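These are my notebook entries on one structure. I record below what I looked up, entry by entry.

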Amino acid sequence: MRYMSSVVGLASLCMALNVYAGAEGHGKEVHWGYEGEHGPAHWAEMKAEFKQCDAGLEQSPVDLGDATKGDLAKIEFSYQPSAVKVLNNGHTVQVNYSGDSSIKIGAQVYKLVQFHFHSPSENTVKKKPFDMELHLVHKNDKGELAVVGVFMQGGTANQTLEPVWANIPKEINKEATLTAQINVAELLPAKRSFYHFKGSLTTPPCSEGVQWFVMKEPTTVSAEQVKSFVAAVGNNARPVQALNQRSVVASE
Ligand SMILES: [Zn+2]
């Protein structure tokens, strides 16, 4: 009896620590997080599938400060308002986007699947993080990912995020359906210049082959909004990774 209940106890602890490799990918129950023994320095040891977190040579996030100007295809945004579901996966607040929204870069079309947030920002500019970073995760029909990052700097409250923040589920992996539609285009900065580099998921399993496009101009978020995000999921930024052979290209 005693043995049984301790097994059950362990199982529910796993659920509570949670462990859903959610932010940019695939669900697997493992105890990864952002601090101490569960932190980014230990992700690769936790599971064979996570070994890229350590061995990978094209990992995200990175510092964008040494970007060089290059001739990059524009990102054509075609974002529509949509009903959304808000999920607290224990690592981030993720908004699942069911509408027909996409970006086009050259001949490639990537459909918007979800967006989520990090605080502080994961990518940095000259080693400085912003207060938050939005990741808009897109997938093409071959399953390849393109993430658009938007820095968010302390300032006026972000009105578009208000209904999202008001509905962050307290319970991990519970989804809340918003009654109002979210127009994700409102989350983009007015200027569309960006940094581009090849990288990875910033959460385990740290899979590579992800095209990154980080907008140069930040949008704003209020101190209050940052505070309630951190209260819900904690700080969730992986440290910047070595560029190795890569270069960061700026569109202007
Ligand atoms: Zn992310």
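In which loop does N173 lie? I worked from a predicted model, and I found N173 in the loop between α4 (162–165) and β9 (175–177). I then looked up its backbone: phi of N173 is near 65 degrees, a positive value in a residue that is not glycine. N173 counts as partly exposed because 15 other C-beta atoms lie within 10 Å, and that class falls between the cut-offs of 12 or fewer for exposed and 20 or more for buried.

Next entry: N244. I located N244 in the loop between α5 (223–233) and β12. N244 is not a glycine, yet its phi is positive, at about 55 degrees. I noted N244 as exposed, since 10 other C-beta atoms lie within 10 Å.

Next entry: cis peptide bonds. I found one joining S60 and P61, with omega about 0 degrees. P61 sits in the loop between α3 (52–55) and β1 (68–69). I found a cis peptide bond between S119 and P120 as well, with omega about -5 degrees. The loop that holds P120 runs between β6 (108–118) and β7 (132–139).

Last entry: strand β10. I read β10 as residues 194–200 and mostly covered, with 6 of its 7 residues buried. With which strand does β10 share 7 bridges? I identified β11 (residues 208–221), and the two run antiparallel. Within this pairing, K198 stands opposite Q211 in β11. β10 also pairs with β12 (residues 249–250), in the antiparallel sense over 2 bridges. There I recorded A250 in β12 as the bridge partner of Y195.

Note on methods. Residues numbered from 1 in each chain as written. Predicted model: local features only at pLDDT ≥ 70, side-chain atom pairs only at ≥ 80, totals over all residues. Helix = DSSP H or I, 4+ residues; strand = E, 2+ residues; numbered from the N terminus. Pairing = 2+ DSSP bridges.
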